[in-house]
Amino acid sequence: MSSTATGIGAPVRRKEDFRFITGHGQYTDDVVRPGETKAVFVRSPHAHAKIKNIDVSAAKKMPGVVDILTGAQLATDKIGNLICGWMIHSKDGTPMKMSAHPALAASKVNCVGDAVAVVIAETTAQGKDAAEKVIVDYEVLKAVIDPAKAQAKDAPQIHADIPNNTIYQWHLGDAKAVAAAFAAAKHVTKIDLVNNRLSPNAMEPRAALAEYDEGTDNLTLWNTSQNPHVARLVIAAFVGMAPEHKLRVIAPDVGGGFGSKIFIYPEEVVCLWAARKVKRPVKWTSDRSEAFLTDAHGRDHVTHAELALDANGKILALRAKTIANLGAYMSTFSSSVPTYLYATLLSGQYNIPSIYCEVDAVYTNTAPVDAYRGAGRPEATFVIERLVEVSARQLGLDPVDLRRRNFITAFPHQTPVIMAYDAGDYNASLKKALEIADVKGFGKRKREAARHGKLRGIGYSTYIEACGIAPSQAVGSLGAGVGLWESAEVRVNPTGSVEVLTGCHAHGQGHETTFAQLVSERLGIPFENVSIVHGDTDKVQFGMGTYGSRSGAVGMSAIVKALDKIEAKAKKVAAYVLEAAEGDIEFKDGKFTVAGTDKSAAWGDVALNAYIAHKFVGADLEPGLKETSFYDPTNFTFPAGCHICEVEVDIETGKTEIVNWTAVDDFGTIINPMIVEGQVHGGIAQGVGQAMMEGVVYSAEGQLVSGSFMDYTMPRAHDLPSFHVGLTETKSPSNPLGIKGCGEAGAIASPAAVINAITDAIGSEDLAMPATANAVWSALQRATPRQAA
Amino acid sequence: MPAVSMTVNGKAVSGNVEERTLLVQFLREQLRLTGTHVGCDTSQCGACVIHLDGVSAKSCTLLALQCEGANITTIEGVALSDGKLHPMQEAFREHHGLQCGYCTPGMIMAALDIVRRNGNDLDEHTIREQLDGNICRCTGYHNIVKAIAAGAKNMKGAAA
C-alpha cells in the first residue's frame with residue numbers, strides 16, 4: 001500500500017474522467033478534417049455468392065458522389081490482402097490454410113456484410129443514397145453456417161484452395177498417456193458444450209478517418225484501434241499501402257474494445273486507399289447494424305470434453321475435441337485463440353497429470369471470429385469448470401471439496417499443456433469467496449426460495465488465466481508473427497514534470513491514471529506533474545498495444561525499467577550538482593542527498609541541471625533526461641480466483657435472477673483498487689451476458705438474425721446485481737511490480753459460475769448458453785416432464 | 001434546405017438542415033457539440049440522450065426540424081455556470097461510473113432525468129429499472145448505479 005494518496009495502491013480518481021463527463025472526449029468520429037468526405041460501403045446481402053458484375057454508372061450520377069471504388073480497382077492498384085499473424089501447424093505438420101482476404105471482394109463474397117464497393121460522397125446520407133443505386137449481380141451459392149457441419153463432404157467449399165473448409169487440425173498434449181489414464185479411471189464424466197458466439201459491441205462503433213498529404217506523400221489514419229503500431233505495421237508491410245514511415249496511425253479516445261479493435265479491418269484499408277485516390281480526407285463511421293455484421297465476433301466453439309477421475313475424486317486426465325468457427329476469413333489473431341490461448345489453460349487450477357486437446361478450425365459463411373475479452377481462456381474455463389462441477393454431482397461430492405482435492409498447491413507448477421504457473425493460492429481465494437458469499441447459509445436460503453416457488457442454485461468457478469501477454473521468444477516458438485514485449489519512454493522536462501510515452505493503448509482502462517501513479521510514487525513528484533501519452537505512431541515509439549490484460553504486467557514493467565535508467569542518469573547529474581561522488585548519491589521521495597551529509601538537491605533542480613548542462617561537460621555526461629525501455633516478460637502471469645454465483649429460477653417461467661455474486665480474485669499487486677474493481681464488474685457483466693442473454697444467430701442461409709440491439713440482448717442495468725468483490729494477493733514473480741492483470745478475469749470466470757448455478761437449481765445439466773428464460777424453462781420441462789392431466 | 005432555430009445550452013442557434021437530418025447530427029456535425037454520441041441505429045443504447053425542454057430524449061430519434069424553438073441541453077451544458085462540475089458529473093468521477101467514456105454523456109443526461117422524475121432519494125432497484133434505455137459495455141453498471149444514487153443525493157444538497 002502506498003504511503004501517498006496518489007501512489008501505488010491508492011484508489012485515485014481518474015485523470016481522464018473530466019473530459020468524458022463534460023463531453024470533451026475526442027473519439028475518431030469527433031475528429032473532422034478540412035474537405036472531409038464520407039465513405040459508405042456496399043455490402044453483400046448474401047452469405048455466399050459469386051460477383052458476376054458491378055454496375056456503378058447510375059450511382060455515380062447521384063448527388064454528392066465523389067467516387068465509387070470496387071474490388072477490381074483495389075486489385076489493379078495492387079493493394080494487398082489482410083492477414084492473420086499467428087501461424088498454427090496441424091498435427092500432420094502442415095501449415096494452416098489461410099485464404100486470401102481482400103479489403104473489397106472482387107469475385108466472390110463469403111459472408112453477409114462482405115464489402116464489394118465503397119461510395120465516397122460529400123455526406124453520409126448522400127453516400128447511402130448512392131450505395132443503394134450500385135447494382136451488383138450475384139450468383140448465389142449454398143452457404144454453410146454451422147461449424148459442426150463445415151467439414152461435411154457435402155458442405156459447400158468456401159475458398160477454392162482450401163478443402164473441407166478446414167484451416168487446421170491442431171492438437172496439444174499426450175494422447176497416449178491420456179488414453180491410458182482414461183482406461184484406468186474409476187469414473188469418467190462426459191459433456192458436450194457449445195460456447196456461444198458473441199458480438200463484442202463496444203459502445204463506440206469502429207471508425208476510420210484517412211488523410212493524404214500530396215506535398216509529403218504521407219498518409220494519416222485516425223482509427224478506433226487498441227494497437228496503432230500493429231495496425232501501421234500490417235497496413236504498411238502486408239497490405240502495402242505505404243511505407244511504414246510514411247503512414248501515421250492515431251488512435252485517439254477509443255470507446256471500448258474488448259478485443260474487437262485489435263484487428264486490422266477492411267474499412268481502414270479502404271479509407272486510406274480512397275483518400276489517396278480522391279485526394280481528400282475520407283471518413284467511415286460504422287453504424288451499429290454494420291458493427292453487428294462486420295466486427296470480429298467472439299467464441300463459437302463446439303466441444304466434447306471428458307474428465308477421468310479415480311475412486312478418491314482425484315483427476316487423472318482430461319481430453320477435449322473442439323471445432324472452432326473462424327468465420328469467412330482469418331482475422332488478425334484468430335488462429336491463436338482456439339489453440340494456444342485455449343488448450344493451454346485446460347488444466348485450470350488443478351493438478352491434472354495428462355491432458356490432450358484436438359482443435360479443428362473451420363471456415364463458415366459468417367463474420368470472422370477473433371479474440372473477445374478473455375479470448376480462448378473463457379472457453380477453456382467453461383470446459384474445465386463445467387467438467388469439475390458435473391463430476392462432483394455425478395460422484396455425489398461437494399463441488400468445493402472436489403476442487404480442493406485437486407488444487408495445485410506447490411509452485412512453480414508445470415502443467416501438461418505448456419504453461420508453468422509461477423504463483424498462486426487457490427485455497428485462499430476459494431476460502432474468502434465462501435465466506436463473502438455466505439455459502440454456509442445457502443441451504444436456508446434455498447428452502448426459503450422454495451417456499452416462494454423459486455429454485456435456488458449455487459455455482460462455482462475457480463478459474464485461471466494466462467495474462468501479461470507475452471514472452472516474445474515463447475510465443476514466437478508457438479507461431480506468433482510478432483513479439484509481445486512493450487515499450488516505454490520517460491521524458492523528464494527541464495521543469496521536472498514528466499511525460500511517459502507508452503506503447504500500450506487505453507480504451508477504458510484508465511492508464512493515464514494508473515501509469516501516473518507509478519511514476520509519481522517512484523520519482524516522488526506530484527501525480528499532477530505526470531502525463532501519459534499513447535495512441536499516436538508519430539509520438540510514441542513502436543509498441544504492441546493493449547489486450548490480454550498486458551498493460552500493467554508488461555507495459556508498466558517497461559515504465560519501471562525506463563524509470564530505473566532515469567534514476568541512474570539523474571544520480572549522475574545530481575553528483576555534479578552536489579559536487580559529490582556518484583556512488584554517494586541517494587534518491588528518495590523526490591530528493592537527491594549525499595549519503596552522510598545534509599547536502600541535497602530537489603528533483604526539479606536536477607532535472608533543470610540535466611538540460612542546462614552547466615555543471616558538467618558533454619564529454620563526461622550527455623545533457624538531457626530521457627530514457628527508453630523495451631520490456632519483454634519472462635513468463636505469462638496467472639491471475640486466478642473464485643467466483644460464486646447464486647440464482648433463483650422461477651419454476652413457471654424459467655426466468656432466472658442472479659441474486660448474489662461473489663468474486664475473489666488474485667491479481668498480484670494492485671495499482672488502483674477502484675479501477676481494478678471496475679474491470680472485474682465489467683468482465684462479470686460480459687460473462688453473465690454470454691451465459692444468460694447474448695448469442696449471435698445466423699439463419700441456415702447465413703442471414704444475421706441478431707443484427708441490432710433489438711435482437712441481440714445486451715445486459716442492461718436491471719439484468720445484473722451489485723457484485724461483492726474481494727481480493728487475495730500472491731505477487732507475480734515474473735515482472736518487477738508483481739502485477740498479474742485484471743482486465744479479462746470477470747469474463748473468463750463468470751459463464752461457468754452462472755451455468756453451474758442454474759444447472760444446480762434445476763437439477764439438470766442439459767442447458768446451453770445463453771440460458772434465457774425460455775431455455776431454462778425448456779430444460780426444466782425436459783428434466784421433469786409434466787404429467788398428463 | 002429548411003432553416004431551424006433552437007436554444008442549445010442557453011445559446012440561440014440556427015442552421016439549415018435536410019428534412020431527414022436528425023437532432024444528433026445537427027448537434028454533432030453543425031454545432032460541433034460532439035459530447036452527444038451515437039452508439040446504435042435503433043434508439044436502444046442511449047448514448048445520444050439530451051434534454052428537450054427539460055425532459056430526457058434520444059436525439060437520434062428526433063428530426064432536427066422537430067426541435068424548432070425547443071430548449072436543448074447537452075452534456076456540454078450540464079456543468080454549473082461557475083464552471084464547476086454538476087454534482088451528477090462529479091458523482092460519476094467519484095464513484096468510477098465510467099471507463100471508456102462513450103456511454104457516459106447519455107448516462108449522465110438520463111440520470112438527471114431519473115432524479116427529475118423520482119426525486120433525490122433513489123434506491124438501487126429504481127435506478128436499475130429506470131436506466132433501461134441506456135447501455136454500457138464497460139462497467140457492468142455497478143458503479144453507475146452507485147454514482148447516480150450519490151449524485152442524486154448531492155443535488156439535493158447543492159440546491160439547498
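Me: What makes residues 3–77 and 87–159 of chain B domains?
Reply: Domain bounds come from an automatic or database domain assignment. In this predicted model, that assignment divides chain B into domain 1 (3–77) and domain 2 (87–159). Taken over C-alpha atoms, the centres of domain 1 and domain 2 of chain B are separated by 21 Å.

Me: What makes residues of domain 1 and domain 2 of chain B count as in contact?
Reply: The criterion is that their C-beta atoms, placed from the backbone, lie within 7 Å. By that cut-off, 15 residues of domain 1 of chain B are in contact with eleven residues of domain 2 of chain B. Strand E3 (49–52) and strand E4 (55–58) of chain B each supply at least two residues of the domain 1 side, and the largest share, three residues, comes from E3(B).

Me: How many residues on that side of domain 1 of chain B are charged?
Reply: Asp, Glu, Lys and Arg count as charged. The side of domain 1 of chain B that touches domain 2 of chain B has no charged residues, with seven nonpolar and eight polar.

Me: Which helices of chain B supply at least two residues of the side that touches chain A?
Reply: Across this interface, 45 residues of chain B are in contact with 42 residues of chain A. The helices are H2 (87–94), H3 (104–118), H4 (124–130) and H5 (142–159) of chain B. H2(B) gives the largest share, four residues. By class, the residues on this side of chain B divide into 19 nonpolar, 15 polar and eleven charged.

Definitions and conventions:
Residues numbered from 1 in each chain as written. Chains lettered and ligands numbered in written order. Predicted model: local features only at pLDDT ≥ 70, side-chain atom pairs only at ≥ 80, totals over all residues. Contact = placed C-beta atoms within 7 Å.
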